[in-house]
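Please keep the structure open as you read.

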Amino acid sequence: SRASLDGRVWSQSVAAMTGTRQKPPIRFRALEKVRIRPPSLVQICLRRVAQQFLSYDKLELGAKQLEDVYSMLDLDIALPEAAARIGDENYWKRRTQARHRNAQVEKHGMSWKQTFLELELQETLEKLTIDYGAPELDALKQQVLASRLHVFQLEIGQFPSHLDLSFLFDALPALCTFSITYGNRRLGMDYERAMFGMKISDAQYLARNVRVSQCLVSLSLPCNMIDDELVKVLMGGLSYGHMLTHLDLSHNKIGDRGARRLASLLDPDYCIQALDLSDNQIHANGCMHLGAHLAENSTCQILSLRLNRCEDNGVSHLFQDLCVNKYLQTLNISCNDLTVRCLPYMNSMLSENSALAELDLSANPLHTEQEGHAEVGGPTLEANATMRPLEHSGDTGVTSLDGTMLDPIEESLAGISVTGPLAVFARCVMRNPSLVRVDIRQCGLPANLAEKISTTVKHRELQKKGIPVEAYERSKRAQAEASLETQLVEATEEVGDGQVEAEGEAVPAEETSRTEKEPEEAAVVVEEPAA
């Protein structure tokens, strides 16, 4: 301005007349950069809109302005209002991480809104006590209606209220995965038998809900103390579940009669792909019925009978039926008290079945020392190596002493002395082209034989995945050498510590002997003048 210009001119003339030079003002650049500026009118308006968000029926703002409004919204907005009016993923991400720190959006369709609404509904159902009132029930129904279009899966870890969930299935048209455990999870010292497991009324409600559901594809009922009578009630709904592909009834009390009823779900009218009956009370009869229905099944790919009581009789019939099954890929029969008597049927199944990819036989006494001594007179793997090998395409043979051709399988087993059906089992497992995972831990097999089988199957898995076997073996050897060096270092340190302790114990002994000798010398010195 003109006034400031006149002031600068006057100050310069005064300085020239007096002969003094005026110093320039000191500039603080750091303070100039941190200059506080008042918010703009747009920011003030957006902040006001965020504070009064629920009072607006419709916001006609730009994309950037809406994003700013959502970033300033309160995270404690009532869930029915927030679910109906807010679709911004960043808002739901902030709200989910503030309330559920360990939430994994990958398990909920990669949507933060779906993640929050599913977790909130699960938590509300788990916290609903058996003495709930009308206000709690009304609030729950209102929450279900607000979340109806965004809930696809529910995993209820405990359900102490035993409430009829018909309103839940009727209001959630997209519910496709449902898992529930009735009763309380932890009671502490307030234990009561009636507070655990599923009741008959619960089974009736659930059967009705499964029957009317149109898109339920996965049902899990673990740890519900379901017995054969409850299975009979549940089959009233499961028999109509033609859309079910995954059924989990593990950790219950299902017996042979229940297994016989559930085996009907393996008929061609249904599309069960995974059936989990682990940790139940299924014996040989129930296992036989499951195998009979599996023989003609073309959809089931995973079957788990772990921790049951099928034993040799039931599993032998199962193996016979699996000889004609071409669709089962994973079979888990661990912890079923299987012995060497089921090995011939298993060997025939492994020879004829070309679809099975994973087999779990762990924790079954397939081989014991008594059986090994009883079969000493039988042919061993070393002797069988001279026999004609089974057909196996793609193997290059080596010549034995009598001129016959041996494939690498026979060559690798030539130095192992195992007899009887166990020898045939080893060859069948190692020759099966489809098996990529076999678990034979805690089966009593000789260590060298178990190592050969595991290594061969692992190499087959690596080859199917396109991973070089040589690189895997090098890394395996490097890990073994590193662990051996670690063990040697630890052993050396232990030996050194032991020597130090031994030396420490020896030093006091020398000191005590020295102190014992010193009084004797003193006594001699004292007696000389007296003499």
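**Helix pairs and a pocket**

Helices α3 and α4 cross in a right-handed way, where right-handed means that the near helix is turned clockwise from the far one by less than a right angle, and left-handed that it is turned anticlockwise. Helices here are DSSP runs of H or I with at least four residues, strands are E runs of at least two, and both are numbered from the N terminus. The contact joins Val42, Leu46, Val49 and Ala50 of α3 to Gln65, Asp68 and Val69 of α4, with contact meaning heavy atoms within 4.5 Å. By class, this contact has five nonpolar, one polar and one charged residues; Ala, Val, Leu, Ile, Met, Phe, Trp, Tyr, Cys and Pro count as nonpolar, Asp, Glu, Lys and Arg as charged, and the others, Gly among them, as polar.

This is a predicted model, in which local features need pLDDT of at least 70 and side-chain atom pairs count only at pLDDT 80 or more, while totals for chains, interfaces and linings use all residues. Residues are numbered from 1 along each chain as its sequence is written, and side-chain values use heavy atoms, leaving out hydrogens and water.

How do the axes of α3 and α4 lie, and at what angle do they cross? The axes of α3 (residues 41-51) and α4 (residues 63-71) come within 9 Å and cross at roughly 55 degrees. Axes are lines fitted to C-alpha atoms, for helices over the stretch in contact, and angles run from 0 to 180 degrees between N-to-C directions. That makes α3 oblique to α4; angles under 35 degrees count as roughly parallel, over 145 as roughly antiparallel, 65 to 115 as roughly perpendicular and the rest as oblique.

Next comes α12 (residues 256-263), which packs with α13 (residues 284-294) at an angle of about 5 degrees, their axes 8 Å apart. The two helices α12 and α13 are therefore roughly parallel to each other. Residues making this contact include Ala259 and Arg260 of α12 and His289 and Leu290 of α13. They divide into four nonpolar, four polar and two charged.

Further along, the axes of α19 (residues 421-431) and α20 (residues 447-465) come within 9 Å and cross at roughly 15 degrees. The crossing of α19 and α20 is left-handed. Among the contact residues are Phe425 and Met430 of α19 and Ile453 and Val457 of α20. This contact has eight nonpolar, one polar and three charged residues.

Finally, look at the lining of the second largest pocket, where β1 (153-159) supplies the largest share, three residues.
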